[in-house]
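Welcome! Let us take a short tour of the model shown here, one feature at a time.

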Amino acid sequence: MEETREVLLSTMEMGEADRLTIEAGLQGRQLMEAAGQSIARIILEKLNPGRTLVLCGPGNNGGDGFVVARALKENGWPVTVTLMGTKDRLKGDARLMADLWDGEIQPLAEEGLGDYDIIVDGLFGAGLDRPLEGALLDIVRAANDSNARKVAIDVPSGLSGDSGLVLGGCLEADLTVTFFRRKPGHLLYPGKALCGDLYVTDIGISGRVLDEIGAQTWLNSPAVWGELFPVPSPAGHKYSRGHSVVVSGDLAHTGASRLAAGAALRIGSGLVSVACAPEAVPAHAAQLTAVMIRSYQSPEQFADYLADHRLNAWCIGPANGVTNETRNRVLAILAAGKQAVLDADAITVFRDRPEELFAAIGSDDRKNMSREVVLTPHAGEFGRLFPDLMEGTYGFDRLKGARTAAERSGAVLLLKGPDTVVVSPDGRAVIMDDAPADLATAGSGDVLSGLVTGLLAQGMPAFEAASAAVWLHAEAARVFGAGLTAEDISPSLPTVLEKLREKLH
Ligand SMILES: NC(=O)C1=CN([C@@H]2O[C@H](COP(=O)(O)OP(=O)(O)OC[C@H]3O[C@@H](n4cnc5c(N)ncnc54)[C@H](O)[C@@H]3O)[C@@H](O)[C@H]2O)[C@@H](O)CC1
Ligand SMILES: [K+]
(Lines give C-alpha, C1' and ligand atoms only; values in the text may rest on other atoms or scores of the structure.)
(Ligands and ions follow the chains in the order given, each with its own letter.)
Protein backbone atom coordinates (compact mmCIF):
# COMPACT_ATOMS: atom_id res chain seq x y z
CA MET A 1 0.00 0.00 0.00
CA GLU A 2 2.88 2.35 0.85
CA GLU A 3 3.89 2.34 -2.80
CA THR A 4 0.47 2.98 -4.25
CA ARG A 5 -0.14 6.10 -2.21
CA GLU A 6 2.18 8.90 -3.14
CA VAL A 7 4.42 9.83 -0.23
CA LEU A 8 5.52 13.45 0.03
CA LEU A 9 8.91 13.77 1.70
CA SER A 10 10.10 16.61 3.89
CA THR A 11 13.61 17.80 3.16
CA MET A 12 14.78 15.98 6.27
CA GLU A 13 13.13 12.74 5.15
CA MET A 14 14.67 13.17 1.69
CA GLY A 15 18.07 13.48 3.34
CA GLU A 16 17.26 10.25 5.15
CA ALA A 17 16.40 8.55 1.84
CA ASP A 18 19.74 9.74 0.53
CA ARG A 19 21.59 8.44 3.59
CA LEU A 20 19.87 5.04 3.56
CA THR A 21 20.65 4.63 -0.15
CA ILE A 22 24.31 5.43 0.38
CA GLU A 23 24.39 3.03 3.34
CA ALA A 24 23.00 0.35 1.06
CA GLY A 25 25.95 0.74 -1.29
CA LEU A 26 25.28 3.48 -3.82
CA GLN A 27 27.75 6.35 -3.71
CA GLY A 28 26.69 9.96 -3.18
CA ARG A 29 28.40 10.93 -6.41
CA GLN A 30 26.33 8.34 -8.29
CA LEU A 31 23.15 9.91 -6.91
CA MET A 32 24.35 13.35 -7.94
CA GLU A 33 25.34 12.16 -11.39
CA ALA A 34 21.94 10.51 -11.83
CA ALA A 35 20.18 13.64 -10.57
CA GLY A 36 22.07 15.97 -12.94
CA GLN A 37 21.70 13.62 -15.90
CA SER A 38 17.95 13.30 -15.31
CA ILE A 39 17.55 17.07 -15.34
CA ALA A 40 19.58 17.36 -18.54
CA ARG A 41 17.40 14.68 -20.15
CA ILE A 42 14.26 16.64 -19.34
CA ILE A 43 15.78 19.88 -20.60
CA LEU A 44 16.82 18.19 -23.86
CA GLU A 45 13.34 16.76 -24.23
CA LYS A 46 11.30 19.82 -23.34
CA LEU A 47 13.32 22.85 -24.44
CA ASN A 48 14.87 24.00 -27.69
CA PRO A 49 18.67 24.22 -27.70
CA GLY A 50 19.90 27.67 -26.78
CA ARG A 51 22.44 29.71 -24.85
CA THR A 52 22.32 28.21 -21.37
CA LEU A 53 23.45 29.68 -18.08
CA VAL A 54 23.87 27.39 -15.07
CA LEU A 55 23.82 29.09 -11.66
CA CYS A 56 25.67 26.98 -9.09
CA GLY A 57 25.38 27.49 -5.34
CA PRO A 58 27.83 26.40 -2.63
CA GLY A 59 26.22 23.02 -1.81
CA ASN A 60 25.05 19.87 -3.53
CA ASN A 61 22.35 21.72 -5.46
CA GLY A 62 25.27 23.44 -7.17
CA GLY A 63 26.91 20.03 -7.63
CA ASP A 64 23.84 18.92 -9.58
CA GLY A 65 24.24 22.12 -11.63
CA PHE A 66 27.76 21.13 -12.71
CA VAL A 67 26.45 17.75 -13.91
CA VAL A 68 23.68 19.43 -15.93
CA ALA A 69 26.24 21.81 -17.47
CA ARG A 70 28.48 18.92 -18.52
CA ALA A 71 25.62 16.86 -19.95
CA LEU A 72 24.23 19.75 -22.00
CA LYS A 73 27.67 20.67 -23.28
CA GLU A 74 28.20 17.07 -24.37
CA ASN A 75 25.04 17.51 -26.41
CA GLY A 76 26.54 20.49 -28.16
CA TRP A 77 24.73 23.23 -26.24
CA PRO A 78 26.57 26.49 -25.51
CA VAL A 79 26.82 26.48 -21.71
CA THR A 80 28.09 29.10 -19.27
CA VAL A 81 28.62 28.20 -15.61
CA THR A 82 28.62 30.72 -12.77
CA LEU A 83 29.43 29.80 -9.18
CA MET A 84 28.64 31.45 -5.89
CA GLY A 85 32.02 31.65 -4.13
CA THR A 86 35.07 29.81 -5.38
CA LYS A 87 35.60 26.24 -6.47
CA ASP A 88 38.11 25.50 -3.73
CA ARG A 89 35.38 26.09 -1.15
CA LEU A 90 33.17 23.38 -2.58
CA LYS A 91 33.12 20.12 -0.70
CA GLY A 92 32.59 16.43 -1.38
CA ASP A 93 30.58 15.42 -4.42
CA ALA A 94 29.92 19.03 -5.45
CA ARG A 95 33.68 19.61 -5.63
CA LEU A 96 34.12 16.42 -7.60
CA MET A 97 31.48 17.47 -10.14
CA ALA A 98 33.01 20.95 -10.43
CA ASP A 99 36.36 19.28 -11.22
CA LEU A 100 34.71 17.22 -13.94
CA TRP A 101 33.45 20.42 -15.63
CA ASP A 102 36.05 21.25 -18.26
CA GLY A 103 34.82 24.73 -19.09
CA GLU A 104 35.30 28.09 -17.47
CA ILE A 105 33.69 28.90 -14.13
CA GLN A 106 32.64 32.54 -13.81
CA PRO A 107 31.71 34.28 -10.59
CA LEU A 108 27.99 34.56 -9.91
CA ALA A 109 26.84 38.02 -10.98
CA GLU A 110 23.75 39.93 -11.96
CA GLU A 111 25.29 41.34 -15.13
CA GLY A 112 24.60 39.53 -18.36
CA LEU A 113 21.74 37.44 -16.92
CA GLY A 114 19.46 38.76 -19.64
CA ASP A 115 21.62 37.26 -22.42
CA TYR A 116 20.49 33.65 -22.15
CA ASP A 117 17.71 31.50 -23.54
CA ILE A 118 17.77 29.08 -20.63
CA ILE A 119 18.77 29.56 -16.99
CA VAL A 120 19.34 26.49 -14.83
CA ASP A 121 18.94 27.25 -11.14
CA GLY A 122 21.31 25.21 -8.99
CA LEU A 123 21.73 27.82 -6.25
CA PHE A 124 19.88 26.27 -3.31
CA GLY A 125 17.78 23.21 -2.81
CA ALA A 126 17.08 21.25 0.34
CA GLY A 127 19.85 23.10 2.17
CA LEU A 128 18.21 26.54 2.09
CA ASP A 129 18.32 27.65 5.70
CA ARG A 130 17.94 31.43 5.60
CA PRO A 131 16.34 34.08 3.42
CA LEU A 132 17.88 35.20 0.14
CA GLU A 133 19.39 38.64 0.64
CA GLY A 134 21.51 41.33 -1.01
CA ALA A 135 23.30 40.43 -4.21
CA LEU A 136 21.69 36.97 -4.29
CA LEU A 137 18.25 38.48 -4.24
CA ASP A 138 19.22 40.84 -7.08
CA ILE A 139 20.45 37.89 -9.12
CA VAL A 140 17.25 35.94 -8.61
CA ARG A 141 15.17 38.99 -9.53
CA ALA A 142 17.23 39.61 -12.65
CA ALA A 143 16.70 35.97 -13.64
CA ASN A 144 12.97 36.38 -13.09
CA ASP A 145 12.95 39.53 -15.23
CA SER A 146 14.81 37.86 -18.08
CA ASN A 147 13.04 36.18 -20.96
CA ALA A 148 14.96 32.95 -20.42
CA ARG A 149 13.18 29.68 -19.71
CA LYS A 150 14.05 28.87 -16.13
CA VAL A 151 14.70 25.35 -14.89
CA ALA A 152 14.96 24.78 -11.13
CA ILE A 153 16.97 21.93 -9.68
CA ASP A 154 14.98 20.22 -6.91
CA VAL A 155 13.15 23.42 -5.86
CA PRO A 156 13.30 26.98 -7.17
CA SER A 157 15.95 28.76 -5.08
CA GLY A 158 14.34 30.58 -2.18
CA LEU A 159 11.47 28.11 -1.84
CA SER A 160 11.12 25.92 1.22
CA GLY A 161 10.47 22.35 0.15
CA ASP A 162 8.71 21.72 3.46
CA SER A 163 6.22 24.59 3.55
CA GLY A 164 5.97 26.00 0.03
CA LEU A 165 6.84 29.39 1.51
CA VAL A 166 9.35 31.86 0.09
CA LEU A 167 12.41 32.85 2.12
CA GLY A 168 13.17 36.44 1.13
CA GLY A 169 12.67 35.96 -2.60
CA CYS A 170 12.39 33.10 -5.05
CA LEU A 171 13.20 32.10 -8.57
CA GLU A 172 10.07 31.76 -10.70
CA ALA A 173 10.67 28.54 -12.60
CA ASP A 174 9.01 27.36 -15.79
CA LEU A 175 10.07 23.86 -14.99
CA THR A 176 11.30 22.13 -11.84
CA VAL A 177 12.93 18.73 -11.62
CA THR A 178 12.96 16.98 -8.26
CA PHE A 179 14.19 13.56 -7.29
CA PHE A 180 12.59 10.36 -6.02
CA ARG A 181 9.42 11.88 -4.52
CA ARG A 182 7.69 15.27 -4.47
CA LYS A 183 8.06 17.45 -1.38
CA PRO A 184 5.12 19.25 0.29
CA GLY A 185 6.48 22.60 -0.93
CA HIS A 186 5.89 21.49 -4.53
CA LEU A 187 2.13 21.30 -3.82
CA LEU A 188 1.58 24.06 -1.26
CA TYR A 189 1.13 27.64 -2.44
CA PRO A 190 2.92 29.81 -3.34
CA GLY A 191 5.42 27.02 -4.00
CA LYS A 192 3.25 25.20 -6.48
CA ALA A 193 2.98 28.25 -8.71
CA LEU A 194 6.71 29.01 -8.45
CA CYS A 195 7.73 25.51 -9.61
CA GLY A 196 6.07 25.71 -13.02
CA ASP A 197 5.79 22.24 -14.57
CA LEU A 198 7.09 19.69 -12.11
CA TYR A 199 8.98 16.50 -13.00
CA VAL A 200 10.02 13.77 -10.60
CA THR A 201 12.92 11.59 -11.68
CA ASP A 202 14.33 8.26 -10.54
CA ILE A 203 17.94 8.62 -9.39
CA GLY A 204 18.40 5.11 -8.07
CA ILE A 205 16.80 5.45 -4.63
CA SER A 206 14.70 2.37 -3.91
CA GLY A 207 11.10 2.78 -2.78
CA ARG A 208 11.94 0.35 0.00
CA VAL A 209 13.61 3.13 2.02
CA LEU A 210 10.13 4.61 2.54
CA ASP A 211 9.20 1.90 5.05
CA GLU A 212 12.13 2.86 7.19
CA ILE A 213 11.54 6.61 6.90
CA GLY A 214 7.87 6.29 7.91
CA ALA A 215 6.78 9.57 6.30
CA GLN A 216 3.32 10.76 7.37
CA THR A 217 2.38 13.05 4.47
CA TRP A 218 0.74 11.92 1.25
CA LEU A 219 -0.91 13.27 -1.83
CA ASN A 220 -4.68 13.23 -1.24
CA SER A 221 -5.94 10.40 -3.46
CA PRO A 222 -8.14 7.30 -3.14
CA ALA A 223 -4.95 5.31 -2.46
CA VAL A 224 -4.92 6.87 1.01
CA TRP A 225 -8.57 6.35 2.01
CA GLY A 226 -10.18 4.10 -0.61
CA GLU A 227 -10.10 0.95 1.52
CA LEU A 228 -12.28 2.66 4.13
CA PHE A 229 -14.65 4.32 1.67
CA PRO A 230 -18.22 3.16 2.34
CA VAL A 231 -19.84 1.28 -0.48
CA PRO A 232 -23.50 0.31 0.13
CA SER A 233 -23.83 -3.38 0.90
CA PRO A 234 -26.56 -5.36 -0.91
CA ALA A 235 -27.82 -6.58 2.45
CA GLY A 236 -27.88 -3.10 3.95
CA HIS A 237 -30.77 -0.67 4.37
CA LYS A 238 -30.96 3.06 4.87
CA TYR A 239 -30.73 2.71 8.65
CA SER A 240 -27.37 1.01 8.35
CA ARG A 241 -26.01 3.93 6.35
CA GLY A 242 -26.21 6.43 9.20
CA HIS A 243 -28.27 9.50 9.92
CA SER A 244 -26.70 12.92 9.40
CA VAL A 245 -28.06 16.04 11.03
CA VAL A 246 -27.22 19.54 9.82
CA VAL A 247 -28.00 22.45 12.13
CA SER A 248 -29.66 25.29 10.24
CA GLY A 249 -29.29 29.04 10.59
CA ASP A 250 -32.31 31.27 11.29
CA LEU A 251 -35.09 31.98 8.80
CA ALA A 252 -32.94 34.37 6.78
CA HIS A 253 -30.00 31.92 6.66
CA THR A 254 -31.24 28.46 5.76
CA GLY A 255 -29.53 27.83 2.40
CA ALA A 256 -26.12 26.79 3.75
CA SER A 257 -27.60 23.96 5.80
CA ARG A 258 -29.57 22.70 2.78
CA LEU A 259 -26.40 22.62 0.70
CA ALA A 260 -24.66 20.61 3.40
CA ALA A 261 -27.64 18.31 3.91
CA GLY A 262 -27.96 17.63 0.18
CA ALA A 263 -24.29 16.73 -0.01
CA ALA A 264 -24.55 14.38 2.99
CA LEU A 265 -27.45 12.60 1.31
CA ARG A 266 -25.70 12.40 -2.04
CA ILE A 267 -22.54 10.92 -0.55
CA GLY A 268 -24.60 8.08 0.87
CA SER A 269 -25.82 8.98 4.34
CA GLY A 270 -28.92 6.77 4.70
CA LEU A 271 -30.99 9.53 6.25
CA VAL A 272 -30.41 13.24 6.57
CA SER A 273 -32.20 15.82 8.71
CA VAL A 274 -31.98 19.55 8.98
CA ALA A 275 -32.46 20.78 12.56
CA CYS A 276 -33.99 24.23 12.78
CA ALA A 277 -36.10 26.62 14.84
CA PRO A 278 -39.87 26.46 14.10
CA GLU A 279 -39.88 29.73 12.15
CA ALA A 280 -37.38 28.32 9.64
CA VAL A 281 -39.52 25.26 8.91
CA PRO A 282 -41.52 26.81 6.03
CA ALA A 283 -38.33 27.87 4.22
CA HIS A 284 -36.93 24.36 4.45
CA ALA A 285 -40.26 22.64 3.78
CA ALA A 286 -40.63 24.56 0.53
CA GLN A 287 -37.37 23.16 -0.77
CA LEU A 288 -36.59 19.81 0.84
CA THR A 289 -37.96 16.44 -0.13
CA ALA A 290 -35.72 13.51 0.83
CA VAL A 291 -34.07 15.52 3.60
CA MET A 292 -36.19 15.59 6.76
CA ILE A 293 -36.85 18.56 9.01
CA ARG A 294 -36.57 18.43 12.77
CA SER A 295 -37.59 21.61 14.54
CA TYR A 296 -36.73 22.43 18.10
CA GLN A 297 -38.17 25.15 20.27
CA SER A 298 -35.77 24.95 23.19
CA PRO A 299 -32.34 23.68 24.18
CA GLU A 300 -34.15 20.78 25.86
CA GLN A 301 -35.76 19.75 22.59
CA PHE A 302 -32.38 20.05 20.86
CA ALA A 303 -30.99 17.77 23.58
CA ASP A 304 -33.76 15.27 22.88
CA TYR A 305 -32.53 14.90 19.31
CA LEU A 306 -29.01 14.47 20.59
CA ALA A 307 -30.19 11.70 22.87
CA ASP A 308 -31.31 9.66 19.85
CA HIS A 309 -28.35 7.39 19.15
CA ARG A 310 -29.44 6.84 15.54
CA LEU A 311 -28.65 10.48 14.70
CA ASN A 312 -24.95 9.76 14.64
CA ALA A 313 -23.15 12.51 12.66
CA TRP A 314 -23.77 16.21 13.16
CA CYS A 315 -22.72 19.23 11.16
CA ILE A 316 -22.91 22.65 12.78
CA GLY A 317 -21.74 26.12 11.80
CA PRO A 318 -22.67 27.12 8.23
CA ALA A 319 -24.66 30.37 8.46
CA ASN A 320 -25.53 29.52 12.08
CA GLY A 321 -24.55 32.94 13.47
CA VAL A 322 -21.81 33.80 15.95
CA THR A 323 -24.07 33.60 18.98
CA ASN A 324 -24.27 32.03 22.41
CA GLU A 325 -26.88 29.64 21.05
CA THR A 326 -24.45 28.36 18.43
CA ARG A 327 -21.78 27.95 21.07
CA ASN A 328 -24.08 26.04 23.39
CA ARG A 329 -25.25 23.78 20.59
CA VAL A 330 -21.68 22.95 19.62
CA LEU A 331 -20.89 22.07 23.23
CA ALA A 332 -24.07 19.98 23.49
CA ILE A 333 -23.20 18.05 20.31
CA LEU A 334 -19.68 17.40 21.57
CA ALA A 335 -20.90 16.39 25.03
CA ALA A 336 -23.36 13.94 23.46
CA GLY A 337 -20.46 12.06 21.87
CA LYS A 338 -21.61 12.56 18.28
CA GLN A 339 -19.35 12.41 15.26
CA ALA A 340 -19.17 16.11 14.49
CA VAL A 341 -18.15 18.52 11.78
CA LEU A 342 -17.59 22.06 13.04
CA ASP A 343 -17.48 24.69 10.34
CA ALA A 344 -17.71 28.48 9.91
CA ASP A 345 -19.60 30.10 12.82
CA ALA A 346 -19.16 27.01 14.99
CA ILE A 347 -15.43 27.75 14.81
CA THR A 348 -15.56 31.55 14.98
CA VAL A 349 -17.78 31.51 18.06
CA PHE A 350 -14.87 30.09 20.09
CA ARG A 351 -12.36 32.75 19.06
CA ASP A 352 -12.15 34.23 22.56
CA ARG A 353 -11.89 30.88 24.28
CA PRO A 354 -10.46 28.21 22.01
CA GLU A 355 -9.39 26.15 25.05
CA GLU A 356 -13.03 25.66 25.94
CA LEU A 357 -13.61 24.09 22.53
CA PHE A 358 -10.51 21.90 22.70
CA ALA A 359 -11.50 20.68 26.16
CA ALA A 360 -14.98 19.82 24.88
CA ILE A 361 -13.52 17.91 21.95
CA GLY A 362 -11.29 15.92 24.28
CA SER A 363 -13.58 15.72 27.28
CA ASP A 364 -15.63 12.89 25.91
CA ASP A 365 -12.91 10.30 25.60
CA ARG A 366 -14.03 8.15 28.53
CA LYS A 367 -17.68 8.03 27.47
CA ASN A 368 -17.20 7.34 23.82
CA MET A 369 -13.71 6.54 22.67
CA SER A 370 -14.76 6.25 19.05
CA ARG A 371 -16.21 9.74 18.56
CA GLU A 372 -14.21 12.00 16.28
CA VAL A 373 -14.46 15.68 15.41
CA VAL A 374 -13.53 17.46 12.19
CA LEU A 375 -12.80 21.19 12.07
CA THR A 376 -13.08 22.71 8.60
CA PRO A 377 -11.66 26.25 8.75
CA HIS A 378 -10.37 28.40 5.93
CA ALA A 379 -7.25 30.36 6.81
CA GLY A 380 -9.23 33.24 8.38
CA GLU A 381 -11.20 30.93 10.66
CA PHE A 382 -8.06 28.98 11.46
CA GLY A 383 -6.47 32.21 12.68
CA ARG A 384 -9.33 32.78 15.09
CA LEU A 385 -8.66 29.54 16.95
CA PHE A 386 -4.90 29.34 16.45
CA PRO A 387 -3.58 32.90 16.02
CA ASP A 388 -0.07 31.94 17.15
CA LEU A 389 0.22 29.32 14.40
CA MET A 390 -0.29 31.90 11.65
CA GLU A 391 2.74 33.94 12.62
CA GLY A 392 5.71 32.25 10.98
CA THR A 393 8.72 34.34 9.93
CA TYR A 394 8.01 33.62 6.27
CA GLY A 395 4.23 33.52 6.43
CA PHE A 396 1.63 30.91 7.38
CA ASP A 397 3.09 27.42 7.18
CA ARG A 398 -0.17 25.59 6.42
CA LEU A 399 1.05 22.02 6.84
CA LYS A 400 2.97 22.61 10.04
CA GLY A 401 0.23 24.88 11.39
CA ALA A 402 -2.50 22.33 10.69
CA ARG A 403 -0.41 19.56 12.29
CA THR A 404 0.06 21.55 15.48
CA ALA A 405 -3.60 22.59 15.48
CA ALA A 406 -4.81 19.00 15.11
CA GLU A 407 -2.60 17.88 17.94
CA ARG A 408 -3.66 20.78 20.15
CA SER A 409 -7.40 20.49 19.51
CA GLY A 410 -7.72 16.72 19.27
CA ALA A 411 -9.74 17.19 16.06
CA VAL A 412 -9.02 16.31 12.47
CA LEU A 413 -8.06 19.59 10.83
CA LEU A 414 -9.32 20.24 7.32
CA LEU A 415 -7.65 23.50 6.33
CA LYS A 416 -9.35 24.81 3.20
CA GLY A 417 -7.55 26.55 0.37
CA PRO A 418 -6.35 25.91 -3.17
CA ASP A 419 -4.06 23.29 -1.59
CA THR A 420 -6.43 21.92 1.07
CA VAL A 421 -4.59 20.07 3.82
CA VAL A 422 -6.16 17.43 6.07
CA VAL A 423 -4.32 16.42 9.22
CA SER A 424 -5.13 13.87 11.87
CA PRO A 425 -4.24 14.46 15.54
CA ASP A 426 -1.85 11.50 15.19
CA GLY A 427 0.18 13.46 12.62
CA ARG A 428 -0.96 11.88 9.33
CA ALA A 429 -1.55 14.46 6.61
CA VAL A 430 -2.71 14.68 3.02
CA ILE A 431 -2.41 17.57 0.60
CA MET A 432 -4.83 18.08 -2.29
CA ASP A 433 -3.19 18.89 -5.60
CA ASP A 434 -4.82 20.63 -8.55
CA ALA A 435 -8.27 21.35 -7.11
CA PRO A 436 -10.23 23.42 -9.66
CA ALA A 437 -10.18 27.15 -8.88
CA ASP A 438 -13.93 27.18 -9.64
CA LEU A 439 -14.46 25.81 -6.13
CA ALA A 440 -13.83 29.27 -4.70
CA THR A 441 -17.53 30.08 -4.84
CA ALA A 442 -20.24 30.86 -2.27
CA GLY A 443 -21.55 27.77 -0.52
CA SER A 444 -18.81 25.47 -1.73
CA GLY A 445 -17.53 25.05 1.85
CA ASP A 446 -21.03 24.13 3.06
CA VAL A 447 -21.15 21.32 0.53
CA LEU A 448 -17.75 20.11 1.69
CA SER A 449 -18.90 20.02 5.33
CA GLY A 450 -21.94 18.02 4.27
CA LEU A 451 -19.77 15.52 2.43
CA VAL A 452 -17.59 14.97 5.49
CA THR A 453 -20.70 14.58 7.67
CA GLY A 454 -22.29 12.07 5.30
CA LEU A 455 -19.14 9.94 5.30
CA LEU A 456 -18.85 10.09 9.10
CA ALA A 457 -22.49 8.97 9.35
CA GLN A 458 -21.57 5.87 7.36
CA GLY A 459 -18.81 5.01 9.80
CA MET A 460 -15.79 6.20 7.87
CA PRO A 461 -13.01 7.31 10.25
CA ALA A 462 -12.66 11.09 10.42
CA PHE A 463 -9.23 11.56 8.81
CA GLU A 464 -10.20 9.38 5.87
CA ALA A 465 -13.70 10.90 5.67
CA ALA A 466 -12.33 14.44 5.55
CA SER A 467 -9.68 13.49 2.99
CA ALA A 468 -12.18 11.67 0.78
CA ALA A 469 -14.62 14.58 0.97
CA VAL A 470 -11.95 17.04 -0.18
CA TRP A 471 -11.00 14.81 -3.09
CA LEU A 472 -14.59 14.13 -4.20
CA HIS A 473 -15.47 17.82 -3.89
CA ALA A 474 -12.59 18.69 -6.23
CA GLU A 475 -13.33 15.89 -8.69
CA ALA A 476 -17.01 16.81 -8.85
CA ALA A 477 -16.04 20.38 -9.66
CA ARG A 478 -13.69 19.12 -12.35
CA VAL A 479 -16.46 17.02 -13.90
CA PHE A 480 -18.80 20.02 -13.98
CA GLY A 481 -16.21 22.45 -15.31
CA ALA A 482 -16.59 26.18 -15.88
CA GLY A 483 -19.51 28.12 -14.47
CA LEU A 484 -19.68 26.01 -11.31
CA THR A 485 -21.88 27.13 -8.42
CA ALA A 486 -22.18 25.33 -5.09
CA GLU A 487 -25.49 23.80 -6.21
CA ASP A 488 -23.71 22.01 -9.05
CA ILE A 489 -21.28 20.06 -6.88
CA SER A 490 -23.60 17.37 -5.50
CA PRO A 491 -25.29 16.70 -8.88
CA SER A 492 -21.83 16.12 -10.37
CA LEU A 493 -20.88 13.54 -7.75
CA PRO A 494 -22.47 10.41 -9.26
CA THR A 495 -20.02 10.38 -12.18
CA VAL A 496 -17.13 10.68 -9.75
CA LEU A 497 -18.52 8.02 -7.40
CA GLU A 498 -19.08 5.62 -10.28
CA LYS A 499 -15.46 5.93 -11.39
CA LEU A 500 -14.25 5.63 -7.82
CA ARG A 501 -16.19 2.40 -7.30
CA GLU A 502 -14.68 0.95 -10.47
CA LYS A 503 -11.24 1.81 -9.18
CA LEU A 504 -11.87 0.35 -5.74
CA HIS A 505 -13.12 -3.02 -6.98
N1 LIG B 1 19.30 14.31 -0.83
C2 LIG B 1 19.51 13.63 -1.94
O3 LIG B 1 19.06 12.52 -2.04
C4 LIG B 1 20.22 14.25 -3.07
C5 LIG B 1 20.47 15.61 -3.09
N6 LIG B 1 20.95 16.23 -4.16
C7 LIG B 1 21.02 17.68 -4.21
O8 LIG B 1 21.52 18.22 -3.03
C9 LIG B 1 20.71 19.32 -2.64
C10 LIG B 1 20.90 19.58 -1.19
O11 LIG B 1 22.25 19.89 -1.02
P12 LIG B 1 22.82 20.61 0.26
O13 LIG B 1 22.30 19.95 1.46
O14 LIG B 1 24.27 20.69 0.07
O15 LIG B 1 22.15 22.04 0.23
P16 LIG B 1 22.04 23.17 -0.89
O17 LIG B 1 22.93 22.89 -2.01
O18 LIG B 1 20.62 23.37 -1.16
O19 LIG B 1 22.54 24.49 -0.13
C20 LIG B 1 23.34 24.46 1.02
C21 LIG B 1 24.35 25.58 1.00
O22 LIG B 1 23.72 26.82 0.77
C23 LIG B 1 23.98 27.74 1.83
N24 LIG B 1 22.78 28.55 1.99
C25 LIG B 1 21.55 28.12 2.37
N26 LIG B 1 20.67 29.12 2.32
C27 LIG B 1 21.33 30.22 1.90
C28 LIG B 1 20.96 31.56 1.66
N29 LIG B 1 19.72 31.98 1.83
N30 LIG B 1 21.89 32.43 1.26
C31 LIG B 1 23.17 32.02 1.09
N32 LIG B 1 23.57 30.76 1.29
C33 LIG B 1 22.67 29.87 1.70
C34 LIG B 1 24.33 26.87 2.99
O35 LIG B 1 25.14 27.55 3.91
C36 LIG B 1 25.07 25.73 2.31
O37 LIG B 1 26.40 26.10 2.03
C38 LIG B 1 19.33 18.91 -3.07
O39 LIG B 1 18.47 20.00 -3.15
C40 LIG B 1 19.63 18.28 -4.42
O41 LIG B 1 19.67 19.25 -5.42
C42 LIG B 1 21.28 15.51 -5.38
O43 LIG B 1 22.65 15.66 -5.61
C44 LIG B 1 20.91 14.08 -5.42
C45 LIG B 1 20.64 13.39 -4.18
K1 LIG C 1 17.46 25.27 -6.99
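## Around the ligand

How do the residues of the shell around ligand 1 divide into nonpolar, polar and charged? There are 15 nonpolar, nine polar and five charged residues; Ala, Val, Leu, Ile, Met, Phe, Trp, Tyr, Cys and Pro count as nonpolar, Asp, Glu, Lys and Arg as charged, and the others, Gly among them, as polar.

In total, 29 residues surround ligand 1, each with its C-beta atom, placed from the backbone, within 6 Å of the ligand. Asp18, Gly59, Asn60, Gly125 and Gly127 are the closest. The helices α1 (11-23), α2 (28-46) and α3 (60-74) each supply at least two shell residues, and α3 gives the most, with five. Helices (H or I, at least four residues) and strands (E, at least two) are DSSP runs, numbered from the N terminus.

## About the model

This is a predicted model, in which local features need pLDDT of at least 70, side-chain atom pairs count only at pLDDT 80 or more, and totals for chains, interfaces and linings use all residues. Residues are numbered from 1 along each chain as its sequence is written, while chains are lettered from A and ligands numbered from 1 in the order in which they are written.

Most residues other than glycine have a negative phi, and most peptide bonds are trans. Asp154, in the loop between β5 (149-153) and β6 (175-179), has a positive phi near 70°. Asp154 counts as buried because it has 27 C-beta neighbours inside 10 Å; the cut-offs are 20 or more for buried, 12 or fewer for exposed, and partly exposed in between, with C-beta atoms placed from the backbone.

The peptide bond from Tyr189 to Pro190 is cis, with omega near 5°.
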